[in-house]
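Hi everyone, thanks for coming.

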Amino acid sequence: MKVLIHGAGVAGLTLAHELATCGAGVTVIEKRRQIAGNASWQAGGMLAPWCERESAEDPVLSLGRDAADWWENALPGHVIRNGTLVVAPARDAAELDRFGRRASGFRPVDAEAIAALEPDLEGRFGRALFFAGEAHLDPRKALLGLQEKLVQMGVRFEFGYGTASKPYMADFEADCTGIAAAQPTLRGVRGEMLILRTSEVSLARPVRLLHPRIPVYVVPRSGNLFMVGATMIECDAAGPITARSVMELLNAAYALHPAFGEAELVETGVGVRPAFADNLPRVERDGNKIRINGLYRHGFLLAPAMARQASDMILGHETKKELVHEAHR
Amino acid sequence: MLELYGQQVSSRLLLGTALYPSPAIMAEAIKASGVDIVTVSLRRETSGGKAGGQFWSLIQSLGVHVLPNTAGCHSVKEAVTTARMAREVFATNWIKLEVIGNHDTLQPDVFGLVEAAKILSAEGFEVFPYTTDDLVVAERLLDAGCKVLMPWCAPIGSARGPQNLDALRSLRGHFPGVPLIVDAGIGRPSHAATVMELGYDAVLLNTAVAKAGDPVAMAAAFGKAVEAGRQAFLAGPLEPRDMAVPSTPVIGMAAFS
């Protein structure tokens, strides 16, 4: 069984891993020259299905709850299981109650518990919600780590793949190109983020700051880096971040901890999330073509489950006869 | 039937299109509430790219009137530019005019609002100004060419409901012929019914539906409340009294025993 995967984002790489683990011959082609820069590269890397359930429908929780295990299994050492802390300024305490009513899998904590969890936030918030079962990873390290592992497993990669490149023959083709797939029912939701560097604050886990207009999260990464994200704009343009978005994101980071005001702004990033109208992902099959898309803001959270579904579909239909049958259905 | 700038509209509820869990849920909420008009924020939904692409197609497919708004504009110039862009993108002269005076409270800058309304009305726009409940400002907006007024009843997204019923009543009393739409601050269907009972022509809201536990069910509830409030207004509600008044006569009651 030979499978050709289009796209080296989180959907393509997780599918490659599922297939290669089962012994399929996998080639990944990617039109970019490297992994860096795609939508997955700009992700927060939060594996937070209980928090996400606040604004997402149930499949995000049911498909995402095993994601941390999948990543830990695929890339030992990458997953940090310190949970998620959700805070709100005293003035917006009602937002915390609302969040709590919509989510599950958390316990309310007081100022003392907040200080114990995140000493640098001591005295800043009176109440929070602690989602102990959640996790996070560094998406860039995870993408590069997965690619390296896949190469060792015998998966071939071709970057800079264009229309002039030589075609590959395969039993199955998988389209994992996200917004570039240009499906008519797919829309882009622009997300903008910042990376700050400061040694004056340290956080053990992603912290979400609730605000009626601009909810943000701050995800700690190694090297005193913090990813601050992310805007949600109904737009498929990938152009540079706007001044307004920088101001709003910085404002929110500053509200979380004033020391972020002195941080270095080392990077801004823009990604376009692929989403269907219900903001839920799909695995779709047409003959010997399959596509995974619509991961929206849940790439690292939902890609494992979608990859498993797609891989089952692919490996469950190995004979040519069945493929022909599917194609004519 | 309600007429706004010559356009007959059958529903007296207007819904915003932001903050829903997904566009699919937004579309269902719009259908469930039976609204005729939705507001769309140009800045957020369509900036750059293919003018909102899929999101915009979805709204178009719902067959409702679109009232573009200048949400998030803080100056006259910004609001006027956004309005002009909106006219091009949405092919309508309608514009919900917001000039925000305070970033935190989102209170309208009524001075900038009047100025922007003047400029836009002169350019042929049909302006729906988001304003406070101040009578004099309302007069200035009408002078500026507005033929519809949209006073708040509480700050945007606050869900506090009518904070100053006297001001709303007085506005209604002063401008009997002007379509008045309560925009902003509505949190519950009972709030919507309350302002409709005062004789307001319509209600515009977004957060109260989009951020409800079940936005579709809440949209339907608001549709009913607006309808009920309107019917009650037309039916002539009973004025409150200080004294108890028995609903059956006391004098001349038949004596049993």
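I'll go from the ground rules to the annotated domain, a helix pair, the chain contact and a few local details.

First, the ground rules: this is a predicted model, where local features need pLDDT of at least 70, side-chain atom pairs count only at pLDDT 80 or more, and totals for chains, interfaces and linings use all residues. Residues are numbered from 1 along each chain as its sequence is written, chains are lettered from A and ligands numbered from 1 in the order in which they are written, and side-chain values use heavy atoms, leaving out hydrogens and water.

Let's start with chain A. An unreviewed UniProt entry annotates residues 2–312 as "domain: FAD dependent oxidoreductase"; such annotations may be inferred rather than shown by experiment. That span is 29% helix and 27% strand, and its end C-alpha atoms lie 14 Å apart. Helices here are DSSP runs of H or I with at least four residues, and strands are runs of E with at least two, numbered from the N terminus.

Now the helix pair. Helix H1 (residues 10–21) and helix H4 (residues 67–74) of chain A pack at about 65°, with axes 12 Å apart. Axes are lines fitted to C-alpha atoms over the stretch in contact, and angles run from 0 to 180 degrees between N-to-C directions. H1(A) brings A:Val10, A:Thr14, A:His17 and A:Glu18 to the contact, while H4(A) brings A:Trp70, A:Trp71 and A:Ala74; contact means heavy atoms within 4.5 Å.

A:Arg81 pairs with A:Asp69, closest N and O atoms 2.8 Å apart. A:Asp69 sits in helix H4, and A:Arg81, 12 residues away, in the loop between H4 and strand E4 (84–87) of chain A.

What about the two chains together? Chain A gives 21 residues to the contact and chain B gives 24. They bury about 2,000 Å² between them, 44% of it on carbon and sulfur atoms; that is accessible area (1.4 Å probe) lost on being put together, summed over both. A:Arg213, A:Glu234 and A:Arg244 supply 29% of chain A's share, more than any other three residues. Between the chains there is one salt bridge: A:Arg244 meets B:Glu78, closest N and O atoms 3.3 Å apart.

Last, some backbone details. A cis peptide bond joins A:Gly229 and A:Ala230, with omega about -20°. B:Leu19 has a positive phi of about 75° although it is not a glycine.

Technical notes: Buried area = accessible area lost by both parts, 1.4 Å probe. Salt bridge = Lys/Arg side-chain N within 4 Å of Asp/Glu carboxyl O.
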